[in-house]
Amino acid sequence: MDVRIHESWKSELEREFEQPYFKQLTDFVRDEYRNNVCYPPGNRIFSAFDYCPFDAVRVVILGQDPYHGPGQANGLCFSVNDGVAVPRSLMNIYKEIASDLGKEVPAHGNLERWAKQGVLLLNATLTVRAHQAGSHQNQGWEQFTDAVVQAINDHKERVVFILWGSYAQQKGAVIEPAKHCILKSPHPSPLSASRGFFGCRHFSAANAYLREHGLPTIDW
């Protein structure tokens, strides 16, 4: 695995790249991609960071695992490539945006447009073996993405963290509420969306916070 990541993140995360766990992770990912079908494509593993440089981060959405079906994962959590059916969790996200902001539901599931506006769409685990959900968990990715969250918390102010579901909320436990805006709800999965995700109005709340602090809002 070649760590091709935006320069602004390299300076924030250089200590992680030098840690033994990251060397082991790199060896693991390289071996997995050599011997199995894995997603996203190797050149898209760090897409979340490339589309959203450190200095541009205004909102962070935390996911868990990349999609593991053919052609789905593009390196951004909840997002899929153009031409791929919109996953059910993302469709529920779109429905909440429509309810919250009155916007039309898009016909595609590609969230690059959000990322280019300063929304870091960060999965806890950045790679996965085809058709095997969670297959690259507990190999070091979680430690790396914990460091990403910590770096944003420590070195930025007034970032909106959107934490859907217990996993994201546990991962976001280090975020300081005095420095940042933390929005929590159940996960948009069909299993839990009706238990408080629908009606959370996180998209208008995020923009209200950004506007209050003189920052550009997101065109969701």
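1. In this predicted model, helix α4 (residues 88-101) packs with helix α8 (residues 202-212) at an angle of about 60 degrees, and their axes lie 8 Å apart. On the α4 side the contact is made by Ile93, Glu96, Ile97, Asp100 and Leu101, and on the α8 side by His202, Phe203 and Ser204. Sorted by class, this contact of α4 with α8 comprises four nonpolar, two polar and two charged residues.

2. Helix α1 (residues 7-17) has Ser8, Trp9, Leu13 and Glu16 buried. These residues are on the same side of α1 because they cover an arc of only 60 degrees around the axis. An α-helix has 3.6 residues a turn, so residues three or four places apart point the same way. The buried residues of α1 pack against α2 (20-35), α3 (47-51), β3 (119-123) and α6 (141-155). Glu7 and Arg15 are exposed, on the face of α1 turned away from its buried side.

3. An open sheet is formed by four strands in the order β3-β2-β5-β6, with parallel pairing. β3 and β6 (181-185) are the edge strands, each pairing on one side only. On average, and with direction ignored, neighbouring strands of this sheet are turned by 20 degrees against each other.

4. Five bridges join strand β5 (residues 160-164) to β6 in the parallel sense. Leu163 stands opposite Lys184 of β6. Helix α6 packs on the sheet and touches β2 (59-63), β3 and β5; the direction of α6 makes about 150 degrees with that of β3.

Technical notes
Residues numbered from 1 in each chain as written. Predicted model: local features only at pLDDT ≥ 70, side-chain atom pairs only at ≥ 80, totals over all residues. Heavy atoms only, no water. Axes fitted to C-alpha atoms, helices over the stretch in contact; angles between N-to-C directions. Helix = DSSP H or I, 4+ residues; strand = E, 2+ residues; numbered from the N terminus. Contact = heavy atoms within 4.5 Å. Nonpolar A, V, L, I, M, F, W, Y, C, P; charged D, E, K, R; others polar. Buried < 20%, exposed > 50% of the residue type's maximum accessible area, 1.4 Å probe, protein only. Arc of directions from axis to C-beta. Pairing = 2+ DSSP bridges.
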